[in-house]
Amino acid sequence: MTNERLIPAQNGQFNIGHICTRLQCDRGFAGKTAMHFLGAHGERTECTFGDLERESARFANVVRSLGFSAGDVLFIFLPKVSEVFPSFLGALKAQLITGTLFSNFGEEALLDRLGDAGAKGVLTRKSYLKKLLRIRERLPSLKFIILTDAAEHQAADILSLPALMQQASTEFETPLTPAEVPSVLHYTSGSTGKPKGALHRHRSVLLQNRTATEVLDLRPDDIFWCTADHGWVTGTSYGIIGPWSMGVTQVHFGGAYDAAKWFEILEQFGVTVWYTAPTALRMLMREDPATFARFNLGKLRHICSVGEPLNPEVISWGRKVLGKDIYDTWFQTETGAIMITNRPGLTIKPGSMGKPLSGIEAAIVSDDGKVLSDNEQGNLCLRPGWDSMFVSYFHHEDVYRQKFKHGWYMTGDTGYRDSEGYYWFMGRSDDVINTAGHLVSPFEVESALLEVEGIAESGVIGVPDELLWENVVAFVALRKGYEWNSGLELKLRLHISNRVSTTATPQEFRVLDNIPKNKSGKIMRRVLKARYLGKDAGDVSTLDI
Amino acid sequence: MTTIEKLNGIFRTVFDNDEINIQSEMTANDVDGWDSLSHVNLILAVEQGFGIRFNQKELLTFKNVGDLLRSIESKLG
């Protein structure tokens with residue numbers, strides 16, 4: 001590694017939007033391609049760092065003209081379209097707290113996040129407007145809905161982005177932004193209560209830049225493709241910030257998963273470094289090898305994965321079919337950047353998370369705060385203080401403080417470290433479900449299920465799945481007089497999809513007479529899971545039902 | 001109500017969007033929110049709405065809305 005590639009934060013300017021655009025132009029990259037964007041229908045857009053600088057400046061001027069000021073919250077609620085990128089960086093230039101949302105979120109999920117954050121604006125498109133308008137009255141802080149695909153303003157508070165951009169200047173002087181100024185906001189699900197907003201600061205760019213260099217092994221002439229959606233922390237930390245902070249060209253694709261299309265993209269754009277997810281790799285593994293044989297991936301140099309543990313079988317498949325190792329990386333919404341990882345120069349132990357990044361102190365810690373010895377299973381913890389560490393759960397300082405115990409940040413994951421210092425993931429210490437890399441709160445799904453007529457009780461768990469890592473499974477108890485049938489199942493599925501998200505929609509429903517609870521009324525998900533898997537439920541002495 | 005009108009209503013319900021107007025050539029890339037997970041909802045809703053069943057082989061042949069529509073019409077006789 002050389003310091004040549006670690007260029008952010010010159011002259012005390014930590015602003016991520018500035019670093020990813022203006023600074024790259026100042027380095028002589030104004031004419032260099034920043035992004036090859038391939039739309040869902042094959043339409044191709046090229047964008048240089050100069051374009052990115054001008055368009056993000058326009059967007060910064062747009063939000064300033066609407067009265068947004070530093071610290072106001074703007075959310076981007078869009079699928080992967082080219083407007084996401086300059087808008088995200090422009091909002092950061094204007095020092096807005098910039099949140100991203102998965103486009104499959106339903107109205108309840110939106111209400112929770114927009115309401116909790118006190119969002120002042122949402123950037124979205126016409127097809128999502130209906131969801132927002134249904135909750136509009138319950139969002140008193142929301143002043144503007146800005147539509148990327150409306151040619152004209154729809155109302156005083158429902159505005160056309162193209163019309164606003166046309167009026168805005170391409171010049172914007174980004175204010176000097178100290179490292180501690182808040183930047184990106186990602187909501188993440190817990191096993192209890194509503195989702196919490198992990199708030200980051202502009203300082204995070206330092207570690208996103210360093211990990212892009214040391215782990216993703218990005219070099220100035222690389223063509224990088226991160227397949228993650230921007231709703232996910234990977235999509236912002238490594239689909240936007242890390243690579244552009246070092247002037248690397250990125251590929252983005254707005255279409256759905258398609259094995260042949262993905263390989264066509266790798267070949268067509270000459271992708272050299274590819275960052276994707278285990279679920280996607282497992283889906284590719286199921287394809288006929290002939291699907292890949294016609295593509296020349298000679299330029300592909302390095303492949304990384306993130307989201308769920310990477311099975312050894314996938315690593316073997318990568319070696320056989322792609323002729324490359326696949327490097328598993330581990331981080332969380334809260335950590336903002338890769339923390340424990342396989343990386344060039346470190347021998348891969350298939351199935352292992354790898355070792356902590358230099359400067360990151362990790363440990364396996366018991367519930368009472370004792371650092372455990374090698375091969376002992378416990379809580380995976382990190383010593384606080386790294387550059388991309390979240391600085392709060394927005395508006396929930398009490399919950400934030402609970403994440404730090406005995407001088408450690410408690411990740412919520414469990415695992416062990418072997419005698420050679422490699423970390424191995426074991427599971428979660430809570431009930432949060434990881435399905436295809438998305439964290440799903442059982443509480444959110446259970447609450448939404450109870451909104452459907454006929455549902456008396458609900459309990460939701462994650463169960464192992466070969467493709468998705470975990471599947472969402474719902475148990476329901478029906479009210480008297482109601483019967484389970486396919487119509488009710490469809491009603492529940494659509495309700496969860498449209499209120500929470502398609503990701504959170506249970507893939508399986510089971511009907512019980514009662515949902516097991518303890519004496520204080522807490523749903524015993526542990527018991528549900530044991531029964532589902534045909535295992536011993538352990539101590540059930542506190543079971544009430 | 002024609003088959004396509006009924007199918008359009010199902011699309012609007014499943015994807016929670018009253019502005020959808022389906023056409024034969026439309027694919028998942030044309031409808032916001034049409035992903036592999038919501039596709040399961042769509043197929044279940046079509047089966048219930050029309051009182052028909054698709055087998056696994058048939059599901060794999062659907063490349064666009066037109067394929068789905070033709071399959072529904074053939075099952076309805």
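Guide: One definition comes before the questions: the expected span of a helix is 1.5 Å times one less than its number of residues. Please also bear in mind that the model is predicted.

Visitor: What length does helix α1 of chain B reach from its first C-alpha to its last?

Guide: Helix α1 covers residues 3-15 of chain B, which gives 13 residues. At 1.5 Å a residue, the expected value is 18 Å. The model comes close to this expectation, with a reach of 18 Å.

Visitor: Which residues of α1(B) are buried, and within what arc do they fall?

Guide: B:Leu7, B:Phe11, B:Val14 and B:Phe15 are the buried residues of α1(B). Viewed down the helix axis, they line one face, because their directions fall within an arc of 80 degrees.

Visitor: Which elements cover the buried residues of α1(B)?

Guide: Both chains contribute to the cover. From chain B it includes α2 (36-50) and α4 (65-76), and from chain A it includes α16 (486-499).

Visitor: Which element of chain A gives the most to the side that touches chain B?

Guide: In the contact between the chains, 21 residues of chain A meet 17 residues of chain B. On the side of chain A, at least two residues each come from α6 (129-135) and α16. The side of chain A comprises 6 nonpolar, 12 polar and 3 charged residues. With 7 residues, the element that gives the most is α16(A).

Visitor: How is chain A divided, and which element supplies the largest share of the side of domain 1 that touches domain 2?

Guide: Chain A is divided into domain 1 (3-7 + 15-411) and domain 2 (433-533), whose centres, taken over C-alpha atoms, are 29 Å apart. Their contact takes 21 residues from domain 1 of chain A and 20 residues from domain 2 of chain A. On the side of domain 1, α5 (107-117) and α11 (278-285) of chain A are the elements that give two or more residues. The largest share, 4 residues, comes from α11(A).

Visitor: In what order do the 8 strands of the open sheet in chain A lie, and which are the edge strands?

Guide: The order in chain A is β7-β6-β5-β3-β4-β8-β9-β19, with mixed pairing.

Visitor: Which strands pair with β9(A), and in what sense?

Guide: Strand β8 (residues 182-188) of chain A joins β9(A) over 5 bridges in the antiparallel sense, with A:Tyr187 opposite A:Gly197. The pairing of β9(A) with β19 (residues 392-393) of chain A has 2 bridges, and there A:Ala198 stands opposite A:Tyr393.

Visitor: How many residues of β9(A) are buried?

Guide: In a regular strand the side chains alternate between the two faces of the sheet. One side of β9(A) carries A:Lys196, A:Ala198 and A:His200, the other A:Gly197, A:Leu199 and A:Arg201, and both are covered. The count of buried residues in this strand (residues 196-201) is 6 of 6.

Visitor: Which residues of helix α10 of chain A are buried, and what do they pack against?

Guide: In α10 (residues 259-268) of chain A, the buried residues are A:Trp262, A:Phe263, A:Ile265 and A:Leu266. They line one face of the helix, since they fall within an arc of 155 degrees. They pack against β1 (33-38), β10 (223-226), β11 (249-253), β12 (273-276) and α12 (290-293) of chain A.

Visitor: A:Trp469 has a positive phi; is this residue buried or exposed?

Guide: Most residues other than glycine have a negative phi. A:Trp469, in strand β26 (residues 469-478) of chain A, has a phi of about 75 degrees. A residue counts as buried if 20 or more other C-beta atoms lie within 10 Å of its own. Because A:Trp469 has 22 C-beta neighbours inside 10 Å, it is buried.

Terms used. Residues numbered from 1 in each chain as written. Chains lettered and ligands numbered in written order. Predicted model: local features only at pLDDT ≥ 70, side-chain atom pairs only at ≥ 80, totals over all residues. Buried ≥ 20, exposed ≤ 12 C-beta atoms within 10 Å, placed from the backbone. Arc of directions from axis to C-beta. Contact = placed C-beta atoms within 7 Å. Domains from an automatic or database assignment. Nonpolar A, V, L, I, M, F, W, Y, C, P; charged D, E, K, R; others polar. Pairing = 2+ DSSP bridges.
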